[in-house]
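Please look over the sequence and the model shown here before reading the report that follows.

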Amino acid sequence: MASGNLTRVTEFILMGVSDRPDLQIPLFFVFLLIYGLTMAGNLGIITLTSVDSQLQTPMYFFLRHLAIINLGDSTAIAPKMLVNFLVSKKAISYYGCAAQLGGFLVFIVAKTFMLCVMAYDRYVAICSPLLYMAVVSPRVCILLVSLTYLYSLTTALTVSSCVFSMSYCSSNVINHFYCDTVPLLALSCSDTYIPETAVFISAGTNLFFSMIIVLTSYFHIVLALLRIRSSEGRRKAFSTCASHMTAVTVFYGTLLFMYLQPRTNHSLDTDKMASVFYTLVIPMLNPLIYSLRNKDVKDAFKRFLSNPCQSFKLM
C-alpha cells in the first residue's frame, strides 16, 4: 500500500490534529461546534444578502460570495475530519485525497482574490463615491466574481496535477488532518523539485499579486480618509473598511506564515495548527467580523425575524 508508484496507492492515512486517543471525542465536539457555527453564520449571511432589499449593493454581493467560499472551504475539510475523530483507521482513498486537495485549493485561492475584489470595492466607494455605482456596476460585479472562480479552478487543477504526479515508496501516512500540498510533498520519495517549485511559485505569485492589490487599495483609502476634515466623516468612512481590514490581516498573515518559508524550516505540526485556523476558524469568524458591527446587517436580521415570509417574497 505504501510502496511503488502513486498509481498503486489506493488510500492514505491521515494522522489528524492529534494522535492521542483520549482527545478524539473532545476534539470531535469542539470541531463539530466550529463547523456548526460556520454553517449557521455563513448561511445567514447568504440568506440576508439574498432576500433583503436594503442589502442589494456590490459590497453585500461580494460578501455573499465570500460566505459561499467560506462554506466550501470548511466543507472540503470538516466532514472527513469529524468522521476520523470517531474511527480507528483514519483513511482517505486516493481519489478522495485528490478531490479534497482540489476542493481546498479552489476555495482558498477564491478567498484570496475575493478579498482583493472587496478591497477594490471599498477603494472605489471611498475614493470615488460619485462614480461608485457606475464603476462597480452589476455587470462588473458578476465579471469579477466569475474571473475569481475561474482562476481558482484553473489553479487548483494545475497544482493538484503537479502534486499527484509524484510517487510514494515507503509511507502513505500524511502528517495532517486533510490532504494538503506541504505534507504530501514531504511524504514523496521521488524527485519533488518540479511539483514543489510549481506549488511554491503558485502560492507566492498568488500572495504577491493579491497583496499588491489589497495594499494599493488601502494606501489610497488611507490618503482619502486623511483628506476628510470632519472626524465624524472620517470615522464613518473608516468603519466601512475596518471589518475587511481585520479579515485581510488575519487571513494573509496566516498564509504568509504557511507558504513563504523554506521547506527546511517547515514544522508540519506548526502548519497543522495554522491550517486549523485558516480552514476552520477564520470561516467561522468571518460572519462575526462582517456582521456584528454592521448596522445594515443587524437591521436586515431584525426585519427577517419580524417577517421572514415577506423577506422571501422579495426574492
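## Fold, helix packing and cysteines

Among contacts in the protein (heavy atoms within 4.5 Å) between residues at least 6 apart in sequence, 79% join residues at least 24 apart. This is a predicted model, in which local features need pLDDT of at least 70 and side-chain atom pairs count only at pLDDT 80 or more, while totals for chains, interfaces and linings use all residues. Residues are numbered from 1 along each chain as its sequence is written, and side-chain values use heavy atoms, with hydrogens and water left out.

The protein contains 11 helices and 3 strands, these being DSSP runs numbered from the N terminus, with helices (H or I) of at least four residues and strands (E) of at least two. Along the sequence their order is β-α-α-β-α-α-α-β-α-α-α-α-α-α. Of the 315 residues, 50% count as buried, a term that means under 20% relative accessible area, with over 50% called exposed and the range in between partly exposed (1.4 Å probe, protein chains only).

Helix 3 (residues 94–127) and helix 7 (residues 193–227) have axes that come within 9 Å and cross at roughly 20 degrees; axes are lines fitted to C-alpha atoms, for helices over the stretch in contact, and angles run from 0 to 180 degrees between N-to-C directions. The two helices are therefore roughly parallel to each other, the class for angles under 35 degrees, whereas over 145 is roughly antiparallel, 65 to 115 roughly perpendicular and the rest oblique. Residues that meet across this pair include Val 109, Phe 113, Cys 116 and Tyr 120 in helix 3, and Asn 206, Ile 213, Val 214 and Tyr 218 in helix 7. By class, the contact of helix 3 with helix 7 has 15 nonpolar, 5 polar and 1 charged residues, where Ala, Val, Leu, Ile, Met, Phe, Trp, Tyr, Cys and Pro count as nonpolar, Asp, Glu, Lys and Arg as charged, and the others, Gly among them, as polar.

A search of the whole structure finds 1 disulfide, defined as a pair of cysteine sulfur atoms within 2.5 Å. Cys 97 and Cys 179 form this link, with their sulfur atoms 2.0 Å apart. Cys 97 lies in helix 3 and Cys 179 in the loop between strand 3 (173–174) and helix 6 (181–187), so that the pair links distant parts of the chain, 82 residues apart. The link is left-handed, with -125 degrees about the S-S bond, and both Cys 97 and Cys 179 are buried.

| Residue | Relative accessible area | Class |
|---|---|---|
| Cys 116 | 3% | buried |
| Cys 141 | 4% | buried |
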